Amino acid sequence: MDSTHDHTTCPGCDRVLHISELAGWLDESVHTLYKWAAIGYPTFPRRLALRNRRVAVTCTSVKASLVEVAR
């Protein structure tokens with residue numbers, strides 16, 4: 001895991017963020033993020049299709065979701 005990724009300065013990249021990283025970024029609990037993931041976009045960023053059904057998103061999709069929610 002690359003710990004040098006800074007979400008505040010990144011313009012949006014294809015780095016995969018797992019739910020624990022996203023929880024730290026958004027300052028929300030993992031439990032809350034799982035609820036939002038069940039609701040779907042735009043409340044939660046578009047998820048990557050993983051075979052193990054874990055929740056993962058890209059930096060770009062999180063930034064797009066934040067813009068959409070702010071509207």
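I started with R15 and found it buried, at a relative accessible area of 17%; the cut-off for buried is under 20%. A reminder to myself: this is a predicted model.

**Salt bridge**

Which residue forms a salt bridge with R15? I found E21 there, with the closest N and O atoms 3.0 Å apart. I then searched the whole structure and came away with one salt bridge.

**Helix 1 with helix 2**

Next I looked at helix 1 (residues 19–26) and helix 2 (residues 30–39), whose axes come within 9 Å and cross at roughly 105°. Angles of 65 to 115 degrees count as roughly perpendicular, so I noted helix 1 and helix 2 as roughly perpendicular to each other. From helix 1, I listed I19, S20, L22, A23 and L26 in the contact; helix 2 brings V30, L33 and Y34. I sorted the residues of this contact into seven nonpolar, one polar and no charged.

**Helix 1 with helix 3**

Then I turned to helix 3 (residues 59–70), which packs with helix 1 at an angle of about 40°, the axes being 12 Å apart. That angle makes helix 1 oblique to helix 3. I wrote down the crossing of these two helices as right-handed.

Which residues of helix 1 meet helix 3? I found L22, W25 and L26, facing C59, V62, K63 and L66 in helix 3. My sorting of this contact gave six nonpolar, no polar and one charged.

Note on methods:
Residues are numbered from 1 along each chain as its sequence is written. This is a predicted model: local features need pLDDT of at least 70, side-chain atom pairs count only at pLDDT 80 or more; totals for chains, interfaces and linings use all residues. Side-chain values use heavy atoms; hydrogens and water are left out. Axes are lines fitted to C-alpha atoms, for helices over the stretch in contact, and angles run from 0 to 180 degrees between N-to-C directions. Helices (H or I, at least four residues) and strands (E, at least two) are DSSP runs, numbered from the N terminus. Angles under 35 degrees count as roughly parallel, over 145 as roughly antiparallel, 65 to 115 as roughly perpendicular and the rest as oblique. Contact means heavy atoms within 4.5 Å. Ala, Val, Leu, Ile, Met, Phe, Trp, Tyr, Cys and Pro count as nonpolar, Asp, Glu, Lys and Arg as charged, and the others, Gly among them, as polar. A crossing is left-handed if the near helix is turned anticlockwise from the far one by less than a right angle, and right-handed if clockwise. A salt bridge is a side-chain nitrogen of Lys or Arg within 4 Å of a carboxyl oxygen of Asp or Glu. Buried means under 20% relative accessible area, exposed over 50%, partly exposed in between (1.4 Å probe, protein chains only).
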